[in-house]
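Here are my notes on the model you sent over. Have it open beside you as you read the points below.

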Amino acid sequence: QPQQPQQPSVYGVTPASAVGLGLLPLAILPSAAAAAGWEALLVTPLGLINTVLNLYKFALGIYAIMSWLLAFGILDMRMDIVQKVQGALSSIIDPVLQPLRAVIPALGGFDISFMVLWFVIDQAQASAMAIIFGALSYETMSYF
């Protein structure tokens, strides 16, 4: 008689038993209240990501302003504080800008990779905020 193929398992738990365990709370307490609090699991990490992106955009703005002030000779790289701030900002911004600079050519000597990065970050923040507002308004929408 042919032998039945064995289901894969992780630490002895088969996919069928994992699905069964996952559906157990719904069988015991089928109301929507069983899933209450799921919003916090979504909103908290996205809020943190949004905050980090805000800080990165702030650093990106300071980096751009400093590069313009250096280009026009208003700031001098011989100043210790300017070197430290520019070095710190370069260490977190240049690794992200370098791949963009390799793909996006300069237009008339003007590097637009900064603006592309700003736009990408802005769109990521808009998406995160849309998901957050959707999650927070989910319960409200179910009443209508």
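**Notes on the helical chain**

1. Ser 90 sits in helix α3 and is buried, with a relative accessible area of 18%. (Buried means under 20% relative accessible area, exposed over 50% and partly exposed in between, with a 1.4 Å probe and protein chains only.)

2. Some background before going further. This is a predicted model, in which local features need pLDDT of at least 70 and side-chain atom pairs count only at pLDDT 80 or more, while totals for chains, interfaces and linings use all residues. Residues are numbered from 1 along each chain as its sequence is written, and side-chain values use heavy atoms, leaving out hydrogens and water.

3. On the overall layout, the chain has 5 helices and 0 strands, running α-α-α-α-α from the N terminus. Helices (H or I, at least four residues) and strands (E, at least two) are DSSP runs, numbered from the N terminus. Of the 144 residues, 21% count as buried.

4. Helix α4 covers residues 113-136, and its 24 residues reach 34 Å from the first C-alpha to the last, close to the 34 Å expected at 1.5 Å a residue. That expected span is 1.5 Å times one less than the number of residues. Buried residues in α4 include Leu 117, Ile 121, Gln 125 and Ile 132.

5. Which aromatic rings pair up? A search of the whole structure finds 1 aromatic pair: Phe 114 and Trp 118, tilted, at 6.1 Å centre to centre and 45 degrees between the planes. Rings of Phe, Tyr and Trp (its six-membered ring) pair if their centres lie within 6.5 Å; planes under 30 degrees apart count as stacked, over 60 as edge-to-face and the rest as tilted. The two residues are separated by about one helical turn because they are 4 residues apart in helix α4. Phe 114 counts as buried at 19% relative accessibility, whereas Trp 118 counts as partly exposed at 32%.

6. Finally, have a look at Ile 74, in the loop between α2 (38-71) and α3 (80-103). At 61% relative accessibility, Ile 74 counts as exposed.
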